[in-house]
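Reader: I would like to work through some side-chain contacts in a model. Please show me how to read each kind of feature as we go.

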Amino acid sequence: MEHSVANLIERLDLIRHPEGGWYRETYRSDEMISSNSLPERFGGIRSFCTAIYFLLEKKDISALHRIKSDELWHFYAGETLTLHLLTPQGEHRAINLGTDIASGETYQAVVPAGCWFGAEVSGDGDYSLVGCTVAPGFDFTDFEMGIRDSLLKQFPDHTGIILRMCVMRES
């Protein structure tokens, strides 16, 4: 069954995400991890786990950002979604989420904590619908948008991807 972007946004009750795209939190564990049981990079208690729907339209990008937890991405519907990762070691990795396993696409992928990452629809259709699961659970205090000038200095070998996937400039 074909879904329009507008229909999915309405039926899934999605709202705009600061990085681009549309999302809705679908799960947040009631159980919490105490701050003294977490690595120092976390500034307080966190839920065990959180999950969201994330919809990205062809005309949009998920701008480069990073979080302090691992994030597991799950493909649901639409076109292939390409995740672009910049590792702390300076490596660029592209992971294609989709249904064409024979051509190297995958239904799930992990973005390790601390990697800069963004996404774009790489197929011909209008959207990609995915899910993201974060553990320890997502908290917006753990979210950092990429700043273009800083990333260009840190990753000079990946200028093309940074210019395409980073919307923020230093002020």
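Reader: Is Glu144 buried, partly exposed or exposed?

Author: This is a predicted model. Glu144 has a relative accessible area of 36%, so this residue is partly exposed.

Reader: Which residue meets the side chain of Glu144 in a salt bridge?

Author: The partner is Arg66, with 2.8 Å from N to O. Glu144 belongs to strand β13 (residues 144–145) and Arg66 to strand β6, so that 78 residues separate the two and the bridge links distant parts of the chain. Arg66 is also assigned as partly exposed, on a relative accessible area of 27%.

Reader: How many salt bridges are there by this rule?

Author: The count is 6. One of them joins Arg16 and Asp60, whose closest N and O atoms are 3.1 Å apart. Here too distant parts of the chain are linked: Arg16 is in strand β1 (residues 15–16), Asp60 is in the loop between β5 and β6 (61–66), and they are 44 residues apart. Arg16 is partly exposed at 42% relative accessibility, whereas Asp60 is buried at 16%.

Reader: Over the face of which residue does Arg16 lie?

Author: Arg16 lies over Trp22, at 5.0 Å from the ring centre.

Reader: What is the N to O distance in the salt bridge of Glu57 and Lys59?

Author: That distance is 3.8 Å. Glu57 is buried, with a relative accessible area of 13%, and Lys59 is exposed at 74%.

Reader: What describes a pair of aromatic rings?

Author: Two quantities are used, the distance of the centres and the angle of the planes. The structure holds 6 aromatic pairs. One of these is formed by Phe54 and Trp73, with 5.9 Å centre to centre and 80° between the planes, an edge-to-face arrangement. Phe54 sits in strand β5 (residues 50–57) and Trp73 in strand β7 (residues 70–78), 19 residues apart, and the pair links distant parts of the chain.

Reader: Why is the pair of Trp73 and Phe117 called edge-to-face?

Author: The label follows from the angle: the planes are at 85°, and an angle over 60 degrees counts as edge-to-face. The ring centres are 6.1 Å apart. Phe117 is in strand β11 (residues 116–121) and Trp73 in strand β7, so this pair ties together parts that are 44 residues apart in sequence.

Reader: Which residues form one aromatic cluster?

Author: Phe54, Trp73 and Phe117 do. Phe54 and Trp73 are buried, the relative accessibility of Trp73 being 1%. Phe117 is likewise buried, with a relative accessible area of 1%.

Note on methods: Residues are numbered from 1 along each chain as its sequence is written. This is a predicted model: local features need pLDDT of at least 70, side-chain atom pairs count only at pLDDT 80 or more; totals for chains, interfaces and linings use all residues. Side-chain values use heavy atoms; hydrogens and water are left out. Rings of Phe, Tyr and Trp (its six-membered ring) pair if their centres lie within 6.5 Å; planes under 30 degrees apart count as stacked, over 60 as edge-to-face and the rest as tilted. Helices (H or I, at least four residues) and strands (E, at least two) are DSSP runs, numbered from the N terminus. Buried means under 20% relative accessible area, exposed over 50%, partly exposed in between (1.4 Å probe, protein chains only). A charge sits over a ring if NZ of Lys or CZ of Arg is within 6 Å of the ring centre and within 35 degrees of the ring normal. A salt bridge is a side-chain nitrogen of Lys or Arg within 4 Å of a carboxyl oxygen of Asp or Glu.
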